[in-house]
Structure formats: structure tokens, C-alpha cells
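User: I would like to go through this model with you. Could we start with a single residue and then move to a sheet?
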Amino acid sequence: MKRGKFFGIGVGPGDTELLTIKAAKLLKKIDVICSPRSSESKRSLALSIVQPILDDRDDDYEILDPLFPMIEDKLALNTYWDQAAEIIAEKLVQGKDVGFITLGDPTVYSTFSYVAKRLKDLDFQIDVIPGITSFTGCAAAAGISLAEKDEIVVIVPKVDDRLEGILEYGDTFIIMKTSRHSEILEEIISKDKREKSIISVQNCSMNDENVFEGFSKDKKYLSTTIIKFDNIDTN
């Protein structure tokens, strides 16, 4: 029997209409959809984004919802990734195509990569469908440009002592999930004396999207802060 193909499908930042045409076409026909959850009690946000597409289907499909908890224990996480890869491999061996849906883009801070590595080692065919990233969605929502000319853009997934060491070398800093570390972020940014603009976006492209100046302080998980340092053009 011919093996199925494993797809990483980026579903964008939140609005179903921001799905790419290619992603939507694939979701209308794929055999199995893998939609990881961060906890037993939470429904996958990625699944809620694609649900309107799935509701239009008139055929049968299967949903896998492995648990990928938000923990720092690498040994435990490897166990979860191994288990998910094993379940997906079973479907692929049966000749079924499996689509792993992920917020934003599968190549940017996505758990898809950990599972894909394991399946690649088992010689399964893998294809990646890119999606709109959260930070480009946030920039669009805020009506700002992330980069012009030769400006350097830095994506920061976690605020720690590394940020202060590279701050002077970047022009635009995208800080992911800022609600987790807003106080230390403000402290580090305040040390840079360049003129700057600070825009935060919560729940980008969703019904309760919120765009505002300054840092995010209310602990909402889907919070991104974009810091743009002013560069004076003397030419």
C-alpha cells in the first residue's frame, strides 16, 4: 500500500479568511487532521480557525488531538512528540494523508517541526504549506511596516539576558507572548536611549483583537509587542 504524506499546514494568526487558498483546498480533502492541544481541557485554537472549512465538507475525516503541554521539561516533551509521531505514522502507513495544523506558519516556533523530524527519519514524505505569521498579522493590524531599506528585524520568543546583548544591533524587535515577561522587557527596552515606538497587539485578527501603544500587561497569552527604533536618515 502506498504511504500517505505528512503535511504541515499553517493556518494563520486567527481569522479563517487569512488561510491561504492552498491550505483551504487541502483541508477540504485531507484524510486526517492532527490538531494538538496544550491541555486536556482546552480546545485547539488552530482547529477552531479551520472548523468553518471542515464544516463545509460532505465526506468523512478523522481528527487526532495529541497533548503537547506547555512545559519546559525537554525529556517529558520528547515523550509527547514521540507519541504523536507514532500515532501519525500509523495513519500514514495506512495510506492516509495527515495534515498537522499549526497557528501562523509551520516553520516558525511550531511544534510541527519536532514531529516532522521524527517522521522524516522514518522516511515519510513531508510537505509544508506556509501560513501568515502572527507578527506580520500584527504589523498589518497596527498599520505599520516591520522593515524598510536595510533595517534588521529580530524575533524574540523569550525575554532573557540575551535580548540586552543584541538590542543595539537591531532596528525592529518582535517580542512574542509578551504578557509572560512585560516587566523585564520594559526594563531592558528603557535602557536603550534611541527614540522608539512600541505597539502591542492581542488576539490578532480575532473578534476581540486589541491594538494599542505600549506594553501588554494583562497576561493575555496571544500578545505580541513590536518595538521599532527610529533611524535618522541624514541623506
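User: Is Cys 34 buried or exposed?
Analyst: Cys 34 is buried, as its relative accessible area is 0%. Buried means under 20% relative accessible area, exposed over 50% and partly exposed in between, with a 1.4 Å probe and protein chains only. Please note that this is a predicted model: local features need pLDDT of at least 70, side-chain atom pairs count only at pLDDT 80 or more, and totals for chains, interfaces and linings use all residues. Residues are numbered from 1 along each chain as its sequence is written, and side-chain values use heavy atoms, with hydrogens and water left out.

User: Where does Cys 34 sit, and what does Cys 34 touch?
Analyst: Cys 34 belongs to strand 2 (residues 32–34); strands are DSSP runs of E with at least two residues, helices are runs of H or I with at least four, and both are numbered from the N terminus. Leaving aside residues up to four places away in sequence, Cys 34 touches Leu 64, Pro 66, Ile 88, Val 98, Gly 99, Phe 100 and Ile 101, where contact means heavy atoms within 4.5 Å.

User: Now the open sheet: what is the order of its five strands?
Analyst: The order is 6-7-10-8-9, with mixed pairing; two strands pair if DSSP finds at least two bridges between them. Strand 6 (153–156) and strand 9 (210–213) are the edge strands, each pairing on one side only.

User: How many bridges join strand 7 to strand 10?
Analyst: Five bridges join strand 7 (residues 172–176) to strand 10 (residues 223–229), and the two run antiparallel. Met 176 has Thr 224 in strand 10 as its bridge partner.
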